[in-house]
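Let's walk through a protein structure together. Take a moment to look at the picture, and then we will go through some of its parts.

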Amino acid sequence: MTAKLIMTLDGVILKEIGITRDSLSIGRRTGNDIQINDMTVSSRHALLTTIGNDTFIEDLGATNGTMVNGNYINKLLLMHGDIVQIGTHQFTYFAEEEAEYEPTMFIKAEMDETRIMPNTPPITGDMKGIPLGAARLLNGPSANIIMEMRKPFNTIGYKGVSMAIVTRGLNGYTIAAYRGKNGQVLHHVTMLNGENIDFVARQLCEHDIIDVAGFQMEFIYLH
């Protein structure tokens, strides 16, 4: 049984990559096993290493880092359904050859904070003592995966489209609809406990259910 990566950009499937070698390099430079023509990707960005049935992803000191399920990593054992973010591209890891690919939602740290205007001031100093929130995915191919939300701003999206912004503030977490670069209203709808959300930030409580295009997640605190 061969594990594989599904490479996507903005929700469009670009290729399927079988993990058939002990190591696969990912980067912008010619000569990498997986080459990505993206200026946000470093020349040698990340390395996949397979030992037996286990595949690890390792960041090689990339300028913009490597993320798995929305969190920056140094080296991590990949689990079935994990989503690796390298530059603007996403790779969904499938440990099971027969598993059917289904484009799914994502949570990632928001890089461009200058165009986000949440109603709740984010944490910018020491976060010690502030409870850490996370989202537990409830359905889809990544069900039961827990995604931590450590950064002041975290975007939630689907098929590469950002749809909601979760802000970590001194009074907890809030959620609001994501406002695009030009302030445009997106054609997707995000719901909180069955109600549509808008650009007004709403406080998140533990066990709230966030629905993004039919994919549901439970907001929890990691105690």
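Strand 7 (residues 67-68) pairs with strand 10 in the antiparallel sense over two bridges, and Val68 has Val84 as its bridge partner. Strand 11 (residues 89-94) pairs with strand 10 over four bridges, again in the antiparallel sense, with Val84 opposite Phe91. The hairpin of strand 10 and strand 11 has two residues between the strands, and Gly87 takes a positive phi near 60 degrees there.

## About the model

This is a predicted model, where local features need pLDDT of at least 70 and side-chain atom pairs count only at pLDDT 80 or more, while totals for chains, interfaces and linings use all residues. Residues are numbered from 1 along each chain as its sequence is written, and side-chain values use heavy atoms, leaving out hydrogens and water.

## The whole chain

The protein chain has zero helices and 22 strands. Both are DSSP runs numbered from the N terminus: helices are H or I with at least four residues, and strands are E with at least two. Of the 223 residues in the chain, 47% are buried.

Six strands form an open sheet with antiparallel pairing, in the order 14-13-22-21-18-19. Its edge strands, strand 14 (146-149) and strand 19 (195-196), each pair on one side only. Two bridges join strand 19 to strand 18 (residues 190-192), and these strands run antiparallel. Met191 stands opposite Asn196 in strand 19.

## A buried Asp

Asp59 lies in strand 6 (residues 54-59). Asp59 is buried yet has no salt bridge, and the nearest side chain of opposite charge, Arg44, is 11 Å away. A salt bridge needs a side-chain nitrogen of Lys or Arg within 4 Å of a carboxyl oxygen of Asp or Glu. For charge, Lys and Arg count as positive and Asp and Glu as negative; His and the chain ends are not counted.

What does Asp59 touch, not counting residues up to four places away in sequence? The list is His45, Gly65, Thr66, Ile73 and Asn74, where contact means heavy atoms within 4.5 Å.

Conventions:
Buried < 20%, exposed > 50% of the residue type's maximum accessible area, 1.4 Å probe, protein only. Pairing = 2+ DSSP bridges.
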